[in-house]
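Here are a few notes to read alongside the model. Have a look at the structure first, then go through the points in order.

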Amino acid sequence: MALSFYPGCSLEGMANDYARSITAVFEDLGIDLVEIDDWSCCGSTAAHSLDETMSVALPARNLAAAGEMGLDIVSPCAMCFNRLRYAQLMLKRRSFDIPWQVDTDFAVHDMTRFLAAPDMLAQIRKRVVRPLANLKTVCYYGCQMVRPPSITGYTDFENPQTLDAIMDAVGAQVKDWSYKSTCCGASIGIGRREIRDTLTNRILDKAAHTGAEAIVVSCPLCQANLDTVPRRPGAGRLPVFYFTELMRLAFRPAAEAGWFRAHLTNPLPLLNTKGLVAA
Amino acid sequence: MADTQPSGPNPAVADQFAGRRLIERGHSRFLEHTQNATGIDIGACYQCERCTNACPVARYMDIKPHQVIRYTQLGWREALMHSTTIWVCLSCEMCTTYCPNAVDVAGLINHLRNTAARLPIRPAEKELAQFHQIFLEELRRFGRVNELWLMATFNRRPAILKKKLKDGSLKEDLSLGFNLWRRGRLKLLPHRSRGIGEIRKLYRHRRGESD
Ligand code: SF4
Ligand code: SF4
């Protein structure tokens, strides 16, 4: 099976740990990820906020390139996923003029939903060598992957399940909580830091309160935000994993997973006490 | 999450509003124009305030989401253009998702933000507006956006540099940057897209320039 892969800008920088774990996991699953040739930025929040037309035109360039490949797109980043889906919908409705011929007859998946399909979950379960039993997690989806449902296609937007199902398949304990898709405020973290700090700290507090030992995410912005936000003195931190990092840990317990070193909140002590990495 | 208690009126905004409610009689066609441009049924709102209650940042806004709808109905365009709301909104889509009348509140706020960005007015949240602009400028330069270069370009703006030096946040930025670099999370050199020509052409067309 092959998919066209739109990594997005974050995966070249801040989230290169995510990128590396994705490559490893898809290799294990035997699925080819073909990177869209010379992809460019989707415009993210900026294009959407300042110029709606650009927020369709910029993703359209990538949709056009993917269309030529004739494969479904999978996107690991919540923001890119949202922008690609939005642009695809607008192009189908012919609401905007763009300079490319875009054939929009392919699906744009977010990576978690693609992997949470029943047959994929069965594949994942088959590859688990060491289940992550005892690891208590909460899954955090953020906003852009699930909302608005008319764009993302999530019908369970109030209580999304894709990450939960994947974590369950690799044997981790998944706790239910009500902050799964509460916004972390990453998009205004630069200009209004104190708002971002308030929103993100609340999510970290609630996760700890739920009894989780780690937070599992799929969005590079959420990860960066939850992992680096200043905490008030005394409040603890939880390691924030990309779901693919934990999948790989269950698939190949002995393999060297260099990407854990990229985290600001060191996850190794936790994995160590759970007997999931060698001391 | 009923975080809607006002954080106290921002004096600058209070000033700006002094008398406005009486003076701004409203643009009579604003509602119609906005509905036509966005396809949003703004008249369907019955002011239940569910959008505002769902909004994670309503307390930081001078005009709350349900009031944005009301202001639009009344044609109070200037107040909306000068509001903090249009810049503080996170586009998290909670409001739209929970509106019982399917009013696309987030879409309306985004449309207002788009409109304000084209007007020669000083945005109420200057740094938020500037950050978006710098992001698009970086995208035009390279075709992809490099986080390190984005932050460096942003922090190099004199006004921002001055503020960050004063409140100590530049030091925080640098120490975070150093930590991230040590962990291999910063890409030092930006990647330039081969298709940069096509992308710049898009920008020129949007600015009404020819090829
Ligand atoms: S939730 Fe909908 S109907 Fe209620 S105040 Fe907001 S826009 Fe109006
Ligand atoms: S989209 Fe904006 S107005 Fe709507 S809930 Fe989110 S932050 Fe509030």
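1. Let's start with a strand pair: β7 (residues 214-217) of chain A runs parallel to β8(A), with three bridges between them. Strands here are DSSP runs of E of at least two residues, helices are runs of H or I of at least four, and both are numbered from the N terminus; two strands pair if DSSP finds at least two bridges between them. Within this pair, A:I215 has A:V240 as its bridge partner.

2. A word on the source: this is a predicted model, where local features need pLDDT of at least 70, side-chain atom pairs count only at pLDDT 80 or more, and totals for chains, interfaces and linings use all residues. Residues are numbered from 1 along each chain as its sequence is written, chains are lettered from A and ligands numbered from 1 in the order written, and side-chain values use heavy atoms, without hydrogens and water.

3. Zooming out, the open sheet has four strands in the order β6-β5-β7-β8 (chain A), paired in parallel. β6 (173-174) and β8 (240-242) of chain A are at the edges with a single partner strand each, so one side of each has no neighbour in the sheet.

4. A:R248 sits in helix α11 (residues 243-251) and A:D28 in helix α1 (residues 16-29), both of chain A, 220 residues apart. Both A:R248 and A:D28 are buried, meaning under 20% relative accessible area, with exposed over 50% and partly exposed in between (1.4 Å probe, protein chains only).
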